[in-house]
Amino acid sequence: MSHPMSRLVGMEPGSEDVWMSGLPEKYVNRPLTREFERMCLAEFASDYRVLYGQQRESPNAILLLNDQGFIQKRTVGKPAIIRFTRFSEEKTPEKFYRRLLKLYLPHRSDADLRDEAYPTYEEFYRCSEKWGTRVEVIVGHNKKRYEGQGKNMEAAFQQLQVCGPLVNAWNSFAPEIEVDRLECLAECEPRDQDQNGEDVPEFGTKKDKGSSMPRIDAPELSPDFVRKMYQSLNETQASVFYSVRQWCFEQVWGHNPEPFYYFLSGGAGCGKSHVIKCIHHEATRILRELPRFRDHADMSQPAVLLTAFTGTAAFNISGNTLHSILKLPRSLKPPYQGLGNALDEVRATLANAEILIIDEISMVSKELFAYVHWRFQQIRGNRKPFGGMSVLAVGDFYQLPPLGKAKPLCVYEETEFDLWKDNFKMVTLTEIMRQKDDRAFAELLNRLRVKQKEDPLLDEDRLLLTQAVANSQHCPGLTLHIYATNKEVDRHNADIVTACYEDAIGIAARDFRKDPRTGCMTFVSGEIKGHKRDLPDNIMAAQGVRVMLIRNLDVEDGLVNGTFGTISNIVIREPGGVKMIGLLLDNHTAGQRFRKKILGPSDNSVYIERSEENLSNKKGVVRRQFPMKFAFACTAHKVQGMTMPSAVVCLKRVFEPGMAYVALSRTTSLQGLTILDFDEKKIYADPKIKTALESMPHASFQSCRPLLTLLKSVQQTPKVLTIVHHNTQGLPCHMVDLKAHHELQRADVLCLTETHLSGSSVAEIFQLEGYTMFTRSRQLSYNSCVNMAKKEGGGVAMYCRDIVQAEPRRYMQQVTDLEFVVLKIEAPVKVLIATVYKPPSFQLGVFLQNLKNLLDSLDMLNHQPIIVCGDFNEDLLSKGKKSIKDLFQSRGYTQLVANSTTEKNTLIDHIYISHPDKCLQSGVLQTYYSYHSPVYCILTD
């Protein structure tokens, strides 16, 4: 958590010292007494609590060292339950043993958990001693106190993951008691659940449903699904994806990059939601490696926030509404209303978030955007925009603006507080990502999206649209109708109900007021007319009637304002009238928590009860009513952000820019669209939007996608050769990923290590179209070191573009134990290229001798310049002797790569060149599927 606001106010605006120290920091600064000296972190966390504010004046307060505050022994109730991250002993042994030592071995710093004699955590755990006792014994004794059933619990969790939860778990734990329970139930007389009649609101005591923080769970995606998502990214999508990915790594590495502010724009079918999913998953994975997550944070806390203005848009991306996640007030008018007592709760949930994603940004008003900015400043104790959060805003400003007379965020107004103009940079998606059947329709919609009022429709667009035109007598009556005004919507809904549902029943709202004499809530007889924003005064219901929810009941479960369904059951009780209304939702995945099986096991209805709200225009009156209304028709404003298979769109009373585009773009295909009162003059965009977007700066991705930008500028130069090296960590499992990588496809020579290919022949699936492949497996690379030849993995390969004049050099004098491939290239640029791989377990002395012999052989070929690239497993960013680099430098080579090449911020993939003046540019690329990043250099003659 951050320091109190009183302390933050006096800090410099750019100060990073905003966070309070955590429990591990307080533990290492515990008092220097015998009681505390031999106390482990688990005991400290369980038996002592940290004191804040006036609590520190308690006579039982214990002062910590180095101004780390005060603690006090817990005296009420049992010791606290401690939570910690679990690691696999097999997959991540160092993290496993580090956790054991940190929790259960008394220490004053991390340096006490290993030493020079036992440099790994596992060796220290098994072999070292402390106070004359083996460390393993001390840890085991303390661990037993707090993890007595740890192994049994881990086994149970593994079984749960494999087999799933037991349907009736109690039967397994206590079968004899379960038999008694069933017998007692059989002897009981049936009881009327509804005998108490109407529930009276508990005025003043009922807890606000919105008071607790919403669940912020990352959607579960399978690894195969995630890889397919990444593989399908086009160039622009991949550019913003890799830019955010690189920012996350720099954050994890402690480089403290400046926050980014991207606006991802694009029309229908351009894959904006697809980019959101990819960025959310990858950024969450990377940011989990931040020290505060790794050491002592709750791993359920989000690193990336998925949000939207409406419940429908939030559910579509498995996110939350901005109002719920930030506890925003209903009225956003100044002055700013702080979180008050809820600050600690919200801060505890969102303290570790680094990236905010807002979908459907066109619906967000400037007042709401400002509130989001102020809220994060308060939560994070940081005065930077949005409290230092990075923001990815996604949407389409050519759609309808926020309700009322508010201008979109991108339109600058001198009288309004502006966060957009000076911060956000635009990324525009233009490539249609839908299937061929939908592509023509998506391209049509994208032209309508930007059409100005004075521009005529293209002939082909007019022809496509007129195919969907019909008159009201011939259009599907029960299909959703989209109108411009509420009057048209109400008329259509009333006509349908009158014509088709004679058995519809009226359900009046039940209003209650507090009796000043008794303090109890009493029913108000007589009709009270509520405001249009309140729950409806009356609704009509019948089986088969189409309805729409008008409140966010459960965003995570998909019961949101705008959820469509059909009434399937009306549960009536006496004397209270209608108790519940069952709906068959259009979205079959929504409402899982509200399915009661009232009509039997096959009943998939979602049962909605009355909601309870204060009336806005009658002080002290509480209304109970079903939060729904007819949905045979809706306004264009209401359906913005929704997608449906079919709809009837009426253009007759369209009155503002973007309205026709929003209505026409709700269906997934032209076949599902029917148009009434077609008038092409109603289809036009707001010229202010066009002007604002044209003036917005565009995001540059040159640093993370250099080959895409550089090669476009040098493609007119014929004598250029692009060389890329990449440790693929296995071609068999990553061949599809390699083929989908836009920058690797730009390589003239693609050098690969750890191909994991065996034998001398290569299967057809490993061939790249337009390239010739040269390869050497691990088994064929070692003559003397038989043990290395027997190991799995390894291997090197080079793909050379067919237009490049190249000749392989398969054997080099006295190079007997080395994984390498050599190509001699004559044109377009004369160069000699060697790709080398040094396995981590290969003896350095043997490797250096073979590498020296390879360099001697390359010199003898008298073909300059020479490039040697590969994974050398020698980190050039760490301290210590660099034997491999020293060898190359002694031979006159220059190492070109300056930045880290792995996810752990190490530089182990190198490019050495004998004539650095021949290198036009070099650097590091990005890829999602390997621990290693590709490295490249561009040679010129």
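**Figure 1. Asp422 and Lys421 form a salt bridge.** In this predicted model, the closest N and O atoms of the two residues are 4.0 Å apart. A salt bridge is defined here as a side-chain nitrogen of Lys or Arg within 4 Å of a carboxyl oxygen of Asp or Glu. Asp422 is exposed, with a relative accessible area of 68%. The term buried denotes under 20% relative accessible area, exposed denotes over 50%, and partly exposed lies in between (1.4 Å probe, protein chains only). Local features are given for this predicted model where pLDDT is at least 70 and side-chain atom pairs at pLDDT 80 or more, while totals for chains, interfaces and linings use all residues. Residues are numbered from 1 along each chain as its sequence is written, and side-chain values use heavy atoms, with hydrogens and water left out.

**Figure 2. A salt bridge joins Asp459 and Arg462.** The N to O distance between these side chains is 3.1 Å. Both residues belong to helix α20 (residues 459-466), where they are three residues apart and hence separated by about one helical turn. Helices (H or I, at least four residues) and strands (E, at least two) are DSSP runs, numbered from the N terminus. An α-helix has 3.6 residues a turn, so residues three or four places apart point the same way. Asp459 is exposed, at 58% relative accessible area, whereas Arg462 is partly exposed, at 26%.

**Figure 3. Arg98 and Asp110 meet in a salt bridge.** Their side chains are 3.6 Å apart, N to O. Arg98 lies in helix α5 (residues 93-104) and Asp110 in the loop between α5 and α6 (121-127), so the pair ties together parts that are twelve residues apart in sequence. Arg98 is partly exposed, with a relative accessible area of 21%; Asp110 is also partly exposed, with 36%. The structure as a whole holds 38 salt bridges. Elsewhere, a network of salt bridges links Arg245, Glu282, Arg285 and Glu903.

**Figure 4. Helix α12 spans residues 235-252.** The expected span is 1.5 Å times one less than the number of residues. Of the 18 residues, 14 are buried, so α12 is largely enclosed by the rest of the structure. Asn234 caps the N-terminal end of α12, with a side-chain oxygen 3.2 Å from the backbone nitrogen of Thr236. After α12 comes Gly254, whose phi is positive, near 85°.

**Figure 5. The largest nonpolar core has 65 residues.** Such a core is a set of buried Ala, Val, Leu, Ile, Met, Phe, Trp, Tyr and Cys residues joined through side-chain atoms within 4.5 Å. Ile355, Leu731, Leu750 and Tyr799 touch the most other members. Helix α12 gives the most to this core, with nine residues. Domain 3 (223-404 + 417-429) and domain 5 (709-940) both give residues to the core, so it lies between them. The domain bounds come from an automatic or database domain assignment.

**Figure 6. Leu553 lies in the loop between β17 (546-549) and β18 (564-573).** Leu553 is partly exposed, with a relative accessible area of 29%. An unreviewed UniProt entry annotates residues 544-568 as "domain: DNA helicase Pif1-like 2B". The end C-alpha atoms of that span lie 6 Å apart, and the span is 0% helix and 36% strand.

Methods
Polar contact = N/O pair within 3.5 Å; in protein donor to acceptor, adjacent residues only side chain to side chain. UniProt positions renumbered as here; feature names shortened; annotations may be inferred.
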